[in-house]
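Hello,

Here is the structure I promised to pass on to you. Please open it and keep it beside this message while you read.

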Amino acid sequence: MSGVTSLPDLAAIRAARERIARYVHVTPVLTSHSLDEIIGAKLFLKCESFQKVGAFKARGACNAVLSLPEEDARRGVVTHSSGNHGAALAYAASRRGIPSHVVMPDNAPKIKIANVEGFGAKVHFCAPNVVAREKMCAEVEHATGATLVHPYDNAAVIAGQGTAALELLESYPDLDAVVAPVGGGGLLSGTAIATRGVSAKIKVYGAEPAGADDASRGFRSGRVEPMPNPQTIADGLRSTLSERTLCALREHVAAIATCSEGAIVAAMRLVWERAKILIEPSSAVPLAAMLEGTLDLRRKRVGVIITGGNVDLDRLPWQG
């Protein structure tokens, strides 16, 4: 697993599962007949909204932090994040008893800032763009000696994220497809490697907002397509793919669909109302693509990774 595009394999994902087992939940898979009828598919919702820190990110962060050599771990860890990965890294660092630093955009949802601080991380605010995030992260890394744990461009993080799909497929091995949202691509990479490693018959799809469509464009062009100013309510999906994650997606993913902002809000509300699951906008994106028809999986058995449930309840998107 050397080089910029090094990726974990199924064995690495299984090893990650053993490594993080004490620190993460085996999350439930829920179904909803009402949602099935509306979407036109049999859905199996892998509810990472019930995960530690309220999102799947706990898996990758724990695997990365627990994999660090003691000498590196002692100096702490640093990352940049809109919130969920930052909280996950802070959580993982607290479990290992080491310092953590998280660079966050100054417009991050309050609940996500509170989560990061609540797990003991020092927060460093920056302008809400990729360049500002990376610049400040490098400054903190230089000043503290902390190890960078990138939100997605990290093989150990990707392996950890893939453990959610392993759990899903152990309960439901006869799926036709698995769908996950894609921002930086860490979750979708791990999901695809795990799924295709378990069964070559199951197709893996990604979904992203049309206002942050670098993954679908990169999937077609074969190169990273930077998007300096993505516009979407799905704040967890504003990242740009890395060379590493693009490589994984082009090798293992069948297609990447996009969806409108209106569909994201509609799908989020639908899950709240029909399935009674509190999810954040990023989690709604796969269902939004199916609802809008840009991802046609009608009459299929579909596993959906519900990525997180960290929502600012004072700023719900359907409220005026």
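In what sense do β1 and β2 pair, and over how many bridges? The two strands are antiparallel, and two bridges join them. Before I go further, please keep in mind that this is a predicted model.

**The six-stranded sheet**

Strands β1 and β2 belong to an open sheet of six strands, in the order β1-β2-β10-β7-β8-β9, with mixed pairing. At its edges stand β1 (29-30) and β9; each has a single partner strand, so one side of each is left without a neighbour in the sheet.

**A lysine in β2**

Strand β2 covers residues 42-47, and K46 is part of it. Is K46 buried or exposed? Its relative accessible area is 1%, so K46 counts as buried, the cut-off for that being under 20%. The side chain of K46 reaches the backbone oxygen of T27 at 2.8 Å. Leaving aside residues up to four places away in sequence, K46 touches T27, P28, V29, R59, A164, E167, L168, V304, I305 and I306.

**The four-stranded sheet**

There is also an open sheet of four strands, in the order β5-β4-β3-β6, and here the pairing is parallel. Its edges are β5 (122-126) and β6 (147-148), each with a single partner strand, so one side of each is left without a neighbour in the sheet. Five bridges link β5 with β4 (residues 100-105), in the parallel sense. Among the residues involved is P105, whose bridge partner in β5 is C126.

**The cavity**

How many cavities of 30 Å³ or more does a search of the whole structure find? The search finds one. About 320 Å³ of space lies in this largest cavity. Its lining is made up of 27 residues, and those nearest the centre are F56, K57, G184, G236 and L237. Helix α5 turns up again here: α5 and α10 (186-198) each supply at least two residues of the lining.

**Two residues with positive phi**

V53 is not a glycine, yet it has a positive phi of about 65°. You will find V53 in the loop between β2 and α3 (57-67). R299 is not a glycine either, and its phi is positive too, at about 70°. R299 sits in the loop between α14 (281-292) and β10 (301-306).

R299, at 72% relative accessibility, counts as exposed.

In helix α11 (residues 214-221), the buried residues include D214, A215, S216, G218 and F219. What covers the buried residues of α11? The cover includes β8 (203-209), α12 (243-252) and β9 (255-259). Just after the helix comes G222, with a positive phi of about 85°.

Further on, Q231 is found in the loop between α11 and α12. Q231 and A212 are 19 residues apart in sequence, while their C-alpha atoms are 6.1 Å apart in space. Not counting residues up to four places away in sequence, Q231 touches G211 and E261. The side chain of Q231 also makes a polar contact with the side chain of N229, at 3.1 Å.

I hope this helps you find your way around.

Best wishes

Technical notes:
Residues are numbered from 1 along each chain as its sequence is written. This is a predicted model: local features need pLDDT of at least 70, side-chain atom pairs count only at pLDDT 80 or more; totals for chains, interfaces and linings use all residues. Side-chain values use heavy atoms; hydrogens and water are left out. Buried means under 20% relative accessible area, exposed over 50%, partly exposed in between (1.4 Å probe, protein chains only). A polar contact is a pair of N or O atoms within 3.5 Å; within protein, one must be able to donate a hydrogen and the other to accept it, and residues adjacent in sequence count only if both atoms are side-chain atoms. Contact means heavy atoms within 4.5 Å. Two strands pair if DSSP finds at least two bridges between them. On a 1 Å grid over the protein atoms alone, a cavity is a set of points where a 1.4 Å probe fits but cannot get out, and a pocket is an open set with protein on both sides within 12 Å along at least five of seven lines; lining residues have an atom within 4 Å of a point. Grid points are joined across faces, edges and corners, and a volume is the space filled by probe spheres set on the points.
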